[in-house]
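Please take a moment with the sequence and the model before reading on.

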Amino acid sequence: MNTFLKVILRNIIKGPSTMKYPFEDSPAPEKLRGKIKHNPEACVACHMCEYVCAGGAIRMQESDDKKGMDFVVWHNSCTFCGLCEYYCPTKAIHLTNDYHTAHLEEDKYNYTEKTSVRKQPCICCGEPIISLTPTLVEKIYGKEGDVKDLSKMCQKCRRKAIWKDGVFKS
Amino acid sequence: MSDLLQKIIKKSPWIYRINAGSCNGCDVEMATTALIPRYDVERLGIRYCGSPKHADIVLISGPVTAVVRDKVLRVYDEIPNPKVVVAVGICPISGGVFRDSYAVENQLDAYIPVDVNVPGCPPRPQAIIDGIAMAIEIWKTRF
Amino acid sequence: MDIVRLAINILIFPGGLFAISLGLFLTGVDRKLYARLQRRVGPPIYQPCIDMIKLSQKEIIIPRTANYTFFRFAPILGFAGMLAAIAIIPVTGIYSGLYKSGDLLVLLYLLSLPALSLMIGASASGSPYSSIGLSREMTMMMAYEIPLLIVLLTVGMRVGMASGKTAVFSLSSIVDFQLKSGALLFDLPMLPAILAFMCCIPGTVGVVPFDIAEAETEIAEGPLLEYSGAGLAMFKLTGGLKMLVLSALAIALFFPSGIGDFWLINLLWFIAKCMVLSFFTTTLVRATRARMRMDQAFKFYLLFPTALALVSLILTLLRV
């Protein structure tokens, strides 16, 4: 009986411990997995995120004018699991800590994040490709080469360059 | 007069939870919005009620599986007008991770009219309070 | 003239508007204090009024298996009974009760009307959850009425024997006797009876150790399951009024002394006494106890308060 009274006395003295949310700000912790943000500069369109997505929310498809790839993620099917961020080889996809996700029914199919990855022409033969990023080329060929130029070539030109000159050409 | 009535009435919505085949993750988050002292919603006048006949706002979680679909529709009919439906979690909105399962035929708004969506798996309690606040704004215009 | 006075007493003061506002105020204060005891903020004090207004605007759905007349008649029965009950109880300094004889027995009958209306409403609903609530409510009523009867008998005999007759059951005479020769609160043989009465209050009002009939999480709100809109509002109002009637009865039986002569001070003193009584018997008990099982509650009521009340009765009979 007296444990209860001690608890009640402590509760009266300490006062309410409520975070009055709509009238007060409620900060999210830094590592909270919230809505997705995609960086089209760093994306290589490898489709890895689409493969591992748990809720089937990511779609990468060719854009209408055939000049790039469209990246669409529908937040109403995303589980915020973070698998896409973990498996992306260039870390182009990133989960922010924005948790304000309530929306009206009319906006249901517009609640997406859409970016577009443009195709650049290859510096050797001019064919439009999606260029690799320097980090990815480093992972394949090591650090001591001319990775910046290699990352802007298409696959055939890159093979020709490495066959001809080796990686260690500057 | 009806403006004053709306301003008074929006301070006391009662909510009722329906679990339409959910994994209980969203149910746990819905229980924490009302019951624990940290996110107390009773200061806004909101209260969980035990019977659908007392409810104003109904929170539905879970993909509508084939077994539970008729029961959800029956309980939905028992709620007196005016009422607002809030879909909590990604399962009622789009099927979520269970979208291609043999037990899930269609999403929730093929059966009953939904007003507010709160995606997340599960959504944070503050996001659920946001969704309830949006639902109250819609609800008071239906009187 | 008498009919007009009767109507004013039942509809405006102290029944009707005054009782409804005071009953809702007590309910609001109870909810706010209960939240503060749990380190929450809690609703504003005028929250029950807003609930009533909102409930009056909702649609009423009558189930197909319900008995139409009794379903709609049941809430009104309890509400009217409580309004009549509060018109009988005297408040010192302001109001001196309606009748001059046999008050306590009439009050005993009127006190059982809200439970009866809940039972009629439950059985008219035609749902299995409601019939479970009905049988639980009947058992609880049998349990808490026994110590209540013995306490009222004890008070009547105590006042009667001290003023020369055998038993006095008129509330105004009991209040006059206490104003002359000290309140019964400070009378040592009556203390067990007071304790027994305090134990009966949570059972009558239906708060947590004994809210078995209306158990929200177990049987989906029991007898109130099929009520929506105005019927539900009337049941909740009756609940608030029951708390007020019991507090006013306890104050009139055991501690009716007023302060001075001015009616406003006596009114505030009465409201303060009601609030203190409701805090200790309802809010504190609700915040520290869990719900009991049916057999545990029955056994409790048959043993503990009955024994206390019997001790008081025997001491009174032996003229100690």
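Where is the place of A:Asp65? A:Asp65 is found in chain A, in the loop between strand E2 (58-62) and strand E3 (68-74), where helices (H or I, at least four residues) and strands (E, at least two) are DSSP runs, numbered from the N terminus. The model is a predicted one, in which local features need pLDDT of at least 70 and side-chain atom pairs count only at pLDDT 80 or more, while totals for chains, interfaces and linings use all residues; side-chain values use heavy atoms, with hydrogens and water left out. Residues are numbered from 1 along each chain as its sequence is written, and chains are lettered from A and ligands numbered from 1 in the order in which they are written.

With 46% relative accessibility, A:Asp65 counts as partly exposed; on this scale buried means under 20% relative accessible area, exposed over 50%, and partly exposed in between (1.4 Å probe, protein chains only). The side chain of A:Asp65 makes a polar contact of 2.9 Å with that of A:Ser63. A polar contact is a pair of N or O atoms within 3.5 Å; within protein, one must be able to donate a hydrogen and the other to accept it, and residues adjacent in sequence count only if both atoms are side-chain atoms.

Another loop of chain A, between helix H1 (2-14) and strand E1 (36-38), holds A:Lys35. A:Lys35 counts as buried because its relative accessibility is 16%, and its side chain is joined to that of A:Tyr111 by a polar contact of 3.1 Å. Leaving aside neighbours within four places in sequence, A:Lys35 is in contact (heavy atoms within 4.5 Å) with residues including A:His75, A:Phe80, A:His94 and A:Tyr111.

The next topic is the sheet. An open sheet is formed by 6 strands in the order E5(A)-E5(B)-E4(B)-E3(B)-E1(B)-E2(B), with mixed pairing; two strands pair if DSSP finds at least two bridges between them. Its edge strands are E5 of chain A and E2 of chain B, each of which pairs on one side only. Strand E5 (residues 103-104) of chain A is joined to E5(B) by 2 bridges and the two run antiparallel, with A:Leu104 opposite B:Val116. Within chain B, strand E1 (residues 14-19) and strand E2 (residues 47-48) pair in the parallel sense over 2 bridges, and here B:Trp14 stands opposite B:Arg47. E1(B) also pairs in the parallel sense with strand E3 (residues 57-61) of chain B, over 5 bridges; in E3(B), B:Val58 is the bridge partner of B:Tyr16, and B:Leu59 that of B:Arg17.

How many residues of chain B are in contact with chain A? There are 30 of them, and they meet 32 residues of chain A. The size of an interface is often given as the accessible area lost when the parts come together. Between chain B and chain A the buried area, which is the accessible area (1.4 Å probe) that two parts lose on being put together, summed over both, is about 2,500 Å², and carbon and sulfur atoms give 54% of it. The count between these chains is 14 residue pairs in polar contact (both at pLDDT 80 or more). On the side of chain B that touches chain A, helix H4 (90-94), strand E5 (116-118) and helix H5 (125-139) each supply at least two residues, and H5(B) gives the most, with 7 residues.

Across this interface the rule finds 1 salt bridge, defined as a side-chain nitrogen of Lys or Arg within 4 Å of a carboxyl oxygen of Asp or Glu. The partners are A:Lys108 and B:Asp109, whose closest N and O atoms are 2.9 Å apart. A:Lys108 is buried, with a relative accessible area of 2%, whereas B:Asp109 is partly exposed, with 27%.

Chain B is also linked to chain C, for the side chains of B:Glu42 and C:Arg40 meet in a salt bridge (2.8 Å, N to O). B:Glu42 lies in the loop between helix H2 (25-35) and E2 of chain B, and C:Arg40 in the loop between helix H2 (16-37) and helix H3 (47-56) of chain C, so the pair joins two chains.
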